[in-house]
Structure formats: C-alpha cells, structure tokens
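Have a look along with me.

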Amino acid sequence: MTTSTTEALMPFDDVLAAYDPALGLEVHVELNTASKMFCGCPAEFGGEPNAGVCPTCLGLPGAMPVVNGKAVESAIRIGLALNCDIAEWCRFARKNYFYPDMPKNFQTSQYDEPIAFDGWMDVDVEGETYRVEIERAHMEEDTGKSLHVGGSTGRIHGADHSLVDYNRAGIPLIEIVTRPILGAGEKAPEVAKAYVAQLRELIVALGVSEARMDQGNLRADVNLSLSPKGSGTLGTRTETKNVNSFRSVERAVRYEMQRHAAILTSGGSILQETRHWHEDTGITTSGRVKSDAEDYRYFPEPDLVPVAPSREWVEELRGTLPENPTARRARLQAEWGFSDLEMRDTVGAGALGLVEETIAAGAAPQAARKWWLGELARRSNEDGVDLVDLPITPADVARIQALVDEKVVNDKLARQVFEGVLAGEGTPDEVVEKRGLAVVSDDGALGAAVDNAIAANPDVADKIRDGKVAAAGALIGAVMKEMRGQADAGRVRELILEKLA
Amino acid sequence: MPEITRDEVAHLATLARIDLSDAELDHLAPQLSVILDSVASITGVAGDDVPPTSHALPLTNVFREDVVVPGLTAEEALAGAPEVEEQRFSVPRILGEEA
C-alpha cells in the first residue's frame with residue numbers, strides 16, 4: 001500500500017483552466033435515538049467497552065432484529081426536509097462483507113429501495129445559490145470500533161492484531177447521497193463545505209442527531225472526478241473517506257482536484273479507489289481499489305418485514321418539520337438587521353446556528369456575530385477545528401458579552417476570558433475570578449494611577465489643561481499600562497479631565 | 001434456464017471466504033446448477049398476477065418502541081470470544097484496508 005506524500009499537484013488555477021470538477025457527497029448521520037436500529041441496546045457510543053451489546057447487535061445465532069420506529073420517523077423527517085419523495089414501500093437489504101467491525105458479516109442497510117429519494121437542498125455560497133440534488137437517503141446501522149495494536153501510530157499498518165468494541169455496532173445511521181454536483185467550477189471546494197455545513201444545520205434543526213463531526217455523529221465521504229473542460233463527460237472518481245470537519249471537506253476537494261489534474265495532464269489515468277484523508281498533513285493516500293470489493297451481494301433482509309409508511313404518517317411528519325433553511329436565513333437576517341455581507345459571512349463560517357443560540361442566550365446580534373466571526377473564527381483557524389467544535393458554548397459567549405455590557409471587563413479583557421474558557425479554565429465568571437480580570441472602576445485605585453500618569457507626562461497634562469482634550473488618549477494609555485489593561489477606560493478619561501480641568 | 005459456471009462458483013466462493021479445492025469446484029458447480037434449475041421451476045408456476053416477494057408473511061411496519069432494554073454484560077458478551085484483550089474482541093490483523 002502506498003502512503004507516498006510526494007504526489008504531484010497542479011496549481012489550483014491551472015486545474016480550472018483545463019478541467020471541470022464533478023463532486024458527490026455521501027454523508028452519514030448517526031441518529032440520537034435512545035436505542036439501536038434493530039435492538040434495544042443503548043445507542044450511545046463510548047463508556048465501558050462491549051457493555052452496550054446484545055445477541056442481535058453481536059450477530060449471535062438465532063437473534064432476530066426488530067426495526068426502531070423512531071429511527072424510521074427520523075429518516076422520513078430527514079427525507080422530507082431534503083425535499084425527497086418518501087417510499088410507499090421499501091425493504092432492508094443485507095450488504096455482505098467480511099470485516100471484523102461488523103460481527104454479522106453483513107451490514108443491514110437499504111439497497112435499491114431507499115426510504116427517501118429524489119430530493120434537493122439549496123446551498124448558499126458567497127451570495128450564490130447552488131441546488132444540490134439528493135439521490136437518496138437510506139437507513140442502515142453503524143459498525144463497531146477497532147483499535148489496532150502493535151503499530152506505532154494506532155493505524156492498521158504494522159499492527160499485530162485489532163481489538164473491537166461493538167457498542168457502536170447497530171446505532172442507527174442515515175446515509176444521504178447527492179447526485180453528481182456539476183458546474184461548481186472554482187467554487188467546488190466551497191460548495192462541498194457549504195453543503196455539509198448547511199446539511200448539518202438542517203439536521204440540528206430537525207433534532208434527530210447531535211451532528212457533531214468531531215464526535216463522528218456526522219461523517220462525510222467526498223467523491224471527486226475531473227473531466228476535460230467543456231466535454232460534458234464524467235471522469236473516473238475517487239472517494240475520500242471519513243472527512244471529519246467542514247474545513248477538511250473543502251481541503252480534501254481542493255487536494256483531490258489538484259492531484260487528479262496533475263495525473264491526467266501527465267497522461268496518466270485515475271484509479272477508481274477510496275482515499276484516506278490525513279487531517280494533519282492535508283493530503284489523501286491510497287486506500288482500497290474498488291473492484292471485487294464492490295460485490296456486496298445485496299439481497300432483501302429476510303428477518304425484517306418491509307417498511308410501508310402510510311401517506312397520513314408522512315403528512316403528519318411533514319407538519320413537524322422546522323422552517324426551511326432559505327426562509328430561516330431570510331427571517332434571521334431581518335430579525336438581526338444583518339447586511340447581506342454580514343449574513344453571507346455568518347453562513348459561510350458555519351456560524352448561523354451558533355450566532356442564533358448566542359442571541360437566544362441574551363447577546364445582541366452584532367455582538368454575537370463579532371465574537372464568533374472575529375476572536376473565535378481566528379482561534380478555530382489557528383487550531384484547525386470548526387467553530388462548532390471549539391470548547392465554548394453559545395451561552396458562554398453570551399455571558400462574556402454580558403460581562404462587557406456590565407462593564408466587568410472591557411473588550412480587551414474579554415479576549416482573555418475567551419482564552420481562559422477555551423483553555424478549559426471554567427465558565428466565563430470563573431475565568432474572570434481566577435485570572436483576576438475584572439476591570440477596575442473604583443476611583444481610589446484609578447485616581448492613584450491617573451496621578452502617576454499625569455506626573456510622568458507633564459507636557460501632555462499641560463496640553464489638556466490648555467483645552468486639547470484629544471491628548472487625553474496618551475494619559476489613558478499610560479493608566480491602562482499601569483493597570484495592566486484592567487482599567488475602566490471611560491472612567492479614567494473622566495478622572496483625567498476632572499483633575500486637569 | 002439459469003446456468004452457473006464453474007468460474008462463477010469459484011468467484012462466489014472467494015466472496016464468501018469459502019476455500020474450495022479444484023475437485024470440490026468440479027463436484028459442486030454442477031450441483032448448484034441443478035438447485036438453481038429447481039428453484040427456477042417455481043417461476044413457471046407463478047403467473048403474471050403473482051408479484052415477486054421476499055417475505056412469506058403479508059406484514060409491513062413491524063416496529064419497536066425506542067426504548068433501551070438490558071442486553072448482555074461485557075463479561076457475557078465476551079464469553080464466547082476466542083481471545084479477549086482490554087475488554088474487547090481480539091481479532092487477527094486486518095489486511096488490505098485501513099480503518
């Protein structure tokens with residue numbers, strides 16, 4: 001297996017001059033049901049290994065699956081929210097493969113009869129709308145989790161053996177598959193990222209999954225192919241598996257476009273294969289070649305009867321859908337008074353839900369936007385994680401803004417509060433307390449610092465006495481320096497002007 | 001009439017991880033053809049008005065409430081495992097694919 005890190009890449013602009021990209025995205029959503037897809041084990045991953053299992057999800061002889069009705073309901077609601085048709089009658093199928101993460105040696109999935117099909121989702125990218133067509137959304141089950149022992153990096157390479165925990169095996173999954181997304185051109189990486197980010201917002205609004213990419217509740221596989229510009233054909237694709245953040249989706253598409261283009265331009269051909277995404281280095285490496293492995297010998301699951309949702313049930317579920325994303329964005333923009341550009345940036349940063357929750361927790365819209373798209377966006381870039389995965393909640397952000405509004409901290413100190421919360425030092429109030437960050441507005445303490453500043457800068461003081469009030473800035477700066485930034489700047493200014501009146 | 005070739009049987013055996021010798025293939029391939037022929041004779045009985053079915057019972061929508069029920073303890077779950085390590089099923093090295 002090659003893990004070469006020296007594959008040739010073509011500069012992105014050159015790729016676009018010669019090729020049209022076609023994207024396809026497969027997103028797995030882990031549902032937040034209480035129990036698993038086909039048995040009553042807890043649908044919770046983590047905890048004590050192999051303590052959330054039973055004969056059904058272990059695939060023991062004689063065990064019989066029964067479908068979780070709530071999971072079917074969630075699947076239908078996801079399908080409806082994606083503007084899909086809902087099957088009047090569909091079956092589960094066995095997907096046969098041999099891999100120890102699936103103890104039955106097959107995954108119970110759906111094959112040619114998905115519960116939802118032929119939908120679409122409109123995705124906003126920098127003010128333009130791309131309609132992403134949804135081919136299907138089907139029900140299946142998650143696999144167990146393998147730990148590889150003996151390799152130096154916990155990967156399969158060099159491992160002696162693997163240890164499997166089946167707590168995750170059987171947790172309900174919905175796999176959402178797009179049709180090829182054509183015509184995105186240079187925006188292909190951004191369209192891919194925006195699709196996954198906006199799909200996540202929809203899933204969160206539906207309340208059917210925790211939808212945390214960093215926790216693996218939402219996992220994206222990125223298909224990409226290139227065709228000669230204007231040819232209207234589809235090239236050979238690669239499928240990059242388990243890309244686990246929005247920004248990685250964007251990076252993976254960009255990388256594969258550049259890699260494919262370099263191969264095609266040098267006269268080579270693309271191998272149809274899965275690729276592994278490496279978050280640390282931002283590259284993909286060769287996985288498994290798709291050939292015989294594709295022969296899953298699907299057949300209808302004999303142990304489960306067909307699912308035939310009545311039209312009454314489907315309409316009832318349609319009535320439970322959240323506001324559609326386009327209408328929601330328009331409403332929020334009007335409520336918040338954001339400009340088109342502010343709204344576009346908020347959506348583009350994957351911060352719409354975060355800003356909404358921050359406002360709901362009491363912050364003013366502009367303040368909520370400022371922190372998420374400023375300080376926190378900077379941190380998420382530095383740390384290479386999505387905003388939503390930063391260890392800070394919208395309630396924390398609203399509380400920090402409240403501390404600013406209450407003049408407990410100023411903007412500069414607020415940045416230190418963010419730093420403390422992100423470093424796991426506790427709630428905003430605890431960070432203020434522990435780090436001693438509260439602004440001093442007490443006249444006694446400030447007065448002494450102001451006196452010192454005046455004494456140290458007699459020329460500036462004279463200018464102010466002569467009526468040049470603008471010069472007060474220099475003295476405010478001196479006081480701030482002495483007070484290590486923790487002075488109430490407004491009060492300092494008042495004191496300076498009083499003393500030099 | 002469905003016909004299954006020796007090569008197809010060999011391919012299926014590979015997919016199913018069944019290790020068949022040449023002699024076994026020679027012996028089994030014709031037998032599978034006979035079985036398929038027998039099954040195919042059913043299509044001669046069913047008229048156009050009989051839709052293909054995958055289930056013997058005319059049932060749909062058999063659902064379970066989304067309620068957690070006790071399963072096995074980890075000890076019980078691992079009782080039949082050939083090897084256990086760190087409270088997990090220990091399996092041989094996985095080849096050919098990275099997880």
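How many C-beta neighbours does Q87(B) have inside 10 Å, and does that count as buried, partly exposed or exposed? I found 15 C-beta neighbours inside 10 Å, so Q87(B) counts as partly exposed. The cut-offs I used: a residue is buried if 20 or more other C-beta atoms lie within 10 Å of its own, exposed if 12 or fewer, and partly exposed in between, with C-beta atoms placed from the backbone.

**Ground rules.** I am reading a predicted model, where local features need pLDDT of at least 70, side-chain atom pairs count only at pLDDT 80 or more, and totals for chains, interfaces and linings use all residues. Residues are numbered from 1 along each chain as its sequence is written, while chains are lettered from A and ligands numbered from 1 in the order in which they are written.

**Two loop residues.** I looked up Q87(B) again for its backbone: phi is near 60 degrees, a positive value in a residue other than glycine. Most residues other than glycine have a negative phi. Q87(B) sits in the loop between strand 2 (84–85) and strand 3 (88–92) of chain B. Helices (H or I, at least four residues) and strands (E, at least two) are DSSP runs, numbered from the N terminus.
In chain A I noted E126(A), which is not a glycine and has a positive phi of about 45 degrees. E126(A) belongs to the loop between strand 6 (116–125) and strand 7 (128–141) of chain A. It has 13 C-beta neighbours inside 10 Å, so E126(A) counts as partly exposed.

**Chain B.** I listed three helices and three strands here, in the order α-α-β-α-β-β from the N terminus on. The radius of gyration of chain B is 22 Å, well over the 13 Å that the globule rule gives for 99 residues, so chain B is more spread out than a compact globule. That radius is taken over C-alpha atoms, and the rule is 2.2 Å times the number of residues to the power 0.38. Of the 99 residues of chain B, 7% count as buried.

**Chain A.** I found 18 helices and 15 strands in this chain. Buried residues make up 45% of its 501 residues. Its C-alpha atoms fill a box of roughly 90 × 55 × 50 Å along the principal axes.
UniProt, in an unreviewed entry, places "domain: Asn/Gln amidotransferase" at residues 353–500 of chain A; positions follow the numbering used here, feature names are shortened, and annotations may be inferred rather than shown by experiment. I checked that span and got 69% helix and 0% strand.

**Where the chains meet.** I counted 45 residues from chain A and 36 residues from chain B in the contact; two residues are in contact if their C-beta atoms, placed from the backbone, lie within 7 Å. Strand 9 of chain A gives the most to the side of chain A that touches chain B, with five residues. The residues of that side divide into 24 nonpolar, twelve polar and nine charged. Ala, Val, Leu, Ile, Met, Phe, Trp, Tyr, Cys and Pro count as nonpolar, Asp, Glu, Lys and Arg as charged, and the others, Gly among them, as polar.
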